[in-house]
Amino acid sequence: MMRAMQLARPGEPLRMIERPIPMPGPGELLVEISACGVCRTDLHIADGELRGPLPIVPGHEIVGRVAALGADVEGFSRGDRVGVPWLGQTCGRCLYCQTARENLCDDPLFTGFTRDGGFASHVVADARYCFPVPDRFGDAEAAPLLCAGLIGYRSLRLAGAGDAIGLYGFGAAAHILAQVAIWQGRRVHGFTRPGDVAAQDFARGLGCAWAGGSDEAPPEPLDAAIIFAPVGDLVPIALRHVRKGGRVVCGGIHMSDIPAFPYADLWGERSLLSVANLTRDDGREFLHVAAQARVSTQIVEFPLAEANLALDRLRAGAIEGAAVLRP
Ligand SMILES: [Zn+2]
Ligand SMILES: [Zn+2]
């Protein structure tokens with residue numbers, strides 16, 4: 001039997017269920033999970049801000065070991081350590097899949113959203129979308145790399161090559177991306193909830209050049225800002241702090257409405273864009289970069305049965321770094 005924390009209805013707590021361990025189908029891996037990160041997207045699903053099929057087992061930052069292989073799996077053996085990310089499957093046929101933009105696939109499966117994910121002891125995943133995990137990371141330390149790190153990295157790439165980077169919302173993604181950007185030689189400015197002195201100390205401790213509240217101005221104009229907090233009010237604020245030609249990248253899957261703002265704040269070839277999902281190339285590139293940059297993830301571990309507590313702490317902004325569930 002396997003155990004999982006399942007969401008039956010948005011707004012209700014996840015409940016522990018037991019069911020037979022599934023058999024992997026053709027091309028699939030059965031993964032025995034050792035750690036699964038808790039992402040803000042899981043919170044949006046649990047709270048009903050993102051609606052998918054129910055019931056569902058959330059969780060898309062999965063690290064575990066291959067327990068069984070379906071037919072026709074290539075590249076993995078029993079016992080291999082694997083990471084299972086948010087992108088669970090793509091169609092391979094649509095315009096986006098055929099133009100190296102599988103992150104935008106018209107008919108995808110997403111782990112922990114449209115197929116069962118990693119808040120569980122076991123999960124079945126399409127082997128073609130799983131990654132080997134670099135040896136330097138422990139299981140729990142690696143989990144937040146699978147989404148916070150990976151989609152954060154895509155956001156950083158789309159933010160361009162500028163030196164001065166602002167990160168709005170200093171949680172799981174920002175604490176990883178700050179380390180990568182500093183390793184790349186950039187100056188990182190960390191923005192937290194106003195008055196969150198602990199998070200600002202955390203940001204400075206990771207090497208950020210400056211840290212302050214999102215209601216404060218950075219000490220220099222930004223070349224780009226990435227918004228990880230799900231707060232639409234931050235969009236016009238960030239636009240006012242990027243220089244001409246600068247970019248504001250929204251790195252989350254859900255955000256509250258963006259208030260109206262003067263066109264002058266966008267003028268000067270500033271651009272505003274969102275980042276959606278990941279490609280497998282993003283995953284392979286980021287995991288390599290994370291190992292090279294010697295990223296150190298700060299994690300707070302919870303037993304699987306305490307998934308609801310982990311979600312509550314994340315909702316309250318009370319997690320420094322990333323929450324990780326251990327089955
Ligand atoms: Zn497609
Ligand atoms: Zn995520």
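We will look at a sheet and then at a helix.

Tutor: This is a predicted model, where local features need pLDDT of at least 70 and side-chain atom pairs count only at pLDDT 80 or more, while totals for chains, interfaces and linings use all residues. Residues are numbered from 1 along each chain as its sequence is written, and chains are lettered from A and ligands numbered from 1 in the order in which they are written.

Student: In what order do the six strands of the open sheet come?
Tutor: Strands (E, at least two residues) and helices (H or I, at least four) are DSSP runs, numbered from the N terminus. Two strands pair if DSSP finds at least two bridges between them. Here the order is 12-11-10-13-14-15, with parallel pairing. Strand 12 (210-213) and strand 15 (271-274) are the edges, each pairing on one side only.

Student: How many bridges join strand 10 to strand 11?
Tutor: Five, between residues 164-168 and residues 187-192.

Student: Which residues of helix 7 are buried?
Tutor: Buried means that 20 or more other C-beta atoms, placed from the backbone, lie within 10 Å of a residue's own; exposed means 12 or fewer, and partly exposed is in between. In helix 7, Asp-282, Gly-283, Phe-286, Leu-287 and Ala-290 are buried. They fall within an arc of 120° seen down the axis (using directions from the axis to the C-beta atoms), so they line one face of the helix. On the other side, Asp-281, His-288 and Gln-292 are exposed.
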